[in-house]
Amino acid sequence: PKMMMTTRVPLALWVVLAFAIWTVVGTDGADPQVEAVEGLIGRLLPQHKDFFQLSLISKPADVQDVYEVVTVGSKLTIKGTSGVALASGLNWYLKYKCNSSVSWLGDNLQIPTPGPVVRDVYRGQTTLQYRYYFNVCTFGYSTVWWNWKRWEQEIDWMALNGVNMPLAFSGQEYVWQKTFEELGLTAQDLTTYFSGPAFLPWQRMGNIDGWMGPLSAHWMETHMQLQKQILERERSFGMKPVLPGFAGHVPAAMKTKYPSAKITQLHPWSTGFNGTYFLDPLDPLFQKIGSTFISIQGETYGNENHLYNADPFNELNPPSSEPSFLESVSASILAAMRKADPSATWVLQGWFLINSASFWKPTQTKAFLGGVPDSSMIVLDLWAEVVPAWNQTNNFYGKPFVWNMLHNFGGRTGLYGTIQRVNEGPFIAMKAASNMIGIGMTPEAIETNPIVYALITESAWNTAPVNLTRWVADYVYSRYPAPNNRGGNISAVMEAWQTLSQTVYSCYTRQEGTSGNLLAARPNFKLERVGCCAPLAIYYNATKLLDIARTIQQYFDIIGSSATLAYDLVDLLLQITANDAVTLYNNITQAYAKGDAAALLRYSSDFMKLFEIDALVNFMPKYRLSTWVNEARAWGADAAEADLLELNAKTQVTLWGNKFSPLSQYAYKMWSGLIADFYQPRWEMWFKALAQSLQTGQPVNMAQFTAQVETFELSWTQQQQQQQQDAAFEEHADTASRVLAWAIGFLEQRQ
């Protein structure tokens with residue numbers, strides 16, 4: 001495809017060049033990075049593992065990574081400058097020669113034997129040094145309960161998609177405990193410091209302390225071992241993981257242990273939480289803590305990649321806006337890193353620059369970034385597809401930066417994307433800023449909307465935006481099985497996706513991710529958003545969504561079992577349900593205002609029928625509360641710890657904080673088990689209250705209703721439930737097909 005950066009090389013010349021390169025690099029296949037990709041192929045395509053011939057080549061002076069793909073004899077030969085480049089070449093072949101794909105929401109692997117021939121050498125290359133991945137929050141909203149098997153799958157996906165700079169935040173509490181114990185604290189002192197596992201990202205960033213803890217020694221030990229596995233595998237592909245550094249957040253007990261240290265309790269990050277404790281970076285103790293942590297971390301996990309993340313002011317303003325203070329703060333943070341690792345580079349999330357723009361004026365931003373040399377810091381432009389910071393900060397005042405797509409907030413379920421911005425944004429920045437050194441992904445949560453991630457991961461290998469019409473067509477060909485002898489109109493499916501790309505995947509508002517699903521909202525009058533942050537407004541023309549679902553469902557019926565078709569169809573039906581709920585809610589509100597009890601009953605009955613979508617969602621293992629809870633409980637050393645982990649898991653996707661927290665429903669999910677058991681009862685209470693109000697002529701007692709809902713919510717999160725693992729749809733595809741057809745028929749009646 002022309003959208004990929006490529007050079008076609010005559011085969012005869014390529015063989016001569018390859019021989020010259022092989023004499024330098026070697027061809028025995030013993031290189032660890034080659035072996036890493038061979039292992040990936042063995043896991044992903046075991047029946048085809050002997051078809052691929054892999055080798056490393058030297059990196060040309062003018063590019064950062066290269067892969068070359070060509071058929072030689074009966075083998076598909078892939079050469080690359082790193083394990084990640086080799087895997088990227090494999091992924092190009094799967095997508096564009098085999099019409100296959102690997103994603104979080106289903107794989108479509110249809111590799112013929114023998115494999116398709118690549119007659120002329122296909123060359124992919126990038127001038128960008130880094131392809132970044134993960135957000136600090138991803139380790140709470142998505143990866144928190146992952147075992148090694150799931151991590152292994154993700155690292156394979158990362159390699160296939162060119163990631164070479166992943167954030168690696170698991171297992172750090174083991175190091176922090178060792179660090180603070182060396183400084184004189186006890187394990188007991190830390191029980192109110194570490195949060196529960198589901199909330200560790202925000203404790204790590206200094207937003208909260210102790211919430212949903214304590215964190216057990218068993219958790220710390222097992223995740224230390226898991227982090228070793230993660231880092232070993234990532235490094236085996238040639239990736240350069242980013243490890244944590246010290247940003248100033250300390251346990252409250254440090255004030256007692258070091259009474260002369262300049263430790264300040266900050267203002268609370270959010271209602272319902274106490275302020276955390278921040279050590280002044282200019283205090284000598286800062287250097288001691290920071291260097292001790294880096295040293296112990298290096299001893300535990302290795303520090304050969306020299307990349308460290310530290311975010312001292314994530315959604316927290318510094319105690320002073322004086323430029324001299326801010327400059328000294330950043331200089332001190334880097335100095336603490338370099339005291340233990342003289343080659344340390346600080347990787348900084350740039351979220352604070354747009355989240356607290358009223359504080360971070362040009363003077364403050366320039367001073368803070370200017371406290372360290374340009375060569376010692378990499379800034380992550382975290383939400384560049386919607387609110388880029390590079391063009392508001394004079395290209396980060398010369399600091400190298402990575403353009404990132406954030407896309408998802410809290411793991412909230414729904415169709416959403418800014419596909420045009422993702423397609424064009426990196427190249428606008430690259431042209432304007434010579435200090436842009438990478439493209440990346442910084443989602444708060446993953447396993448959603450795979451189309452936008454497929455696009456951004458290809459961007460690093462391109463020199464210009466792609467033709468989206470053509471690219472979307474290629475995406476459909478690779479995502480879904482080809483028509484079989486039973487037929488199947490994939491052209492109609494392709495047209496459906498063109499419409500999706502121009503509507504639901506073309507958001508131009510500043511909203512934080514997908515529009516909210518009203519079913520997940522805590523009922524009230526005049527609802528405009530779900531929780532704090534998911535607006536109910538629909539930013540696109542939604543009239544064709546049901547027709548699109550019908551088209552995909554017809555193709556699914558013909559093709560048979562297909563995880564990719566099933567997941568995409570369920571996502572569509574959930575979105576249609578969400579949109580329908582808004583219409584019904586408005587009708588209900590009008591009926592109540594008019595005192596029309598009959599209309600209220602009719603519309604509220606229709607609204608409650610929407611919760612039947614729970615049965616459809618249950619066919620998707622990733623869309624079940626039971627999957628989330630069972631994965632959490634599996635980490636418990638005993639029943640008591642398993643119960644605490646279940647409480648963590650259920651609280652995060654519902655209340656988040658206590659009853660005063662505005663973060664309630666921030667991370668809601670449209671999962672089976674939440675839809676019917678948590679969301680539905682709250683709306684039943686609401687419609688009962690409305691009906692009673694019309695019957696008695698008295699207004700709804702909101703204080704009484706709120707107390708009733710809060711009691712239900714808290715009881716639900718604290719109750720341990722028997723979570724059964726139902727069979728996946730693949731095990732009863734015929735039933736799934738019938739349920740999908742039922743769901744579409746049900747929604748058609750609603751139109």
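How far is the sulfur of C137 from the closest cysteine sulfur, and in which residue does that sulfur lie?

A: The sulfur of C137 lies 12 Å from the closest cysteine sulfur, which belongs to C533, and this is too far for a bond. Some context on the model comes before the rest. The model is predicted, so that local features need pLDDT of at least 70 and side-chain atom pairs count only at pLDDT 80 or more, while totals for chains, interfaces and linings use all residues. Residues are numbered from 1 along each chain as its sequence is written, and side-chain values use heavy atoms, with hydrogens and water left out.

A disulfide is, in general, a covalent bond between the sulfur atoms of two cysteines; here the term is applied to a pair of cysteine sulfur atoms within 2.5 Å. A search of the whole structure finds one disulfide, and this is the link between C532 and C533, whose sulfur atoms are 2.3 Å apart. The angle about the S-S bond is -95°, and the link of C532 and C533 is left-handed.

C532, a partner in the disulfide, is partly exposed, its relative accessible area being 26%. C137, by contrast, is buried at 7% relative accessibility, and C98 also counts as buried, with a value of 5%.

Key:
Buried < 20%, exposed > 50% of the residue type's maximum accessible area, 1.4 Å probe, protein only.
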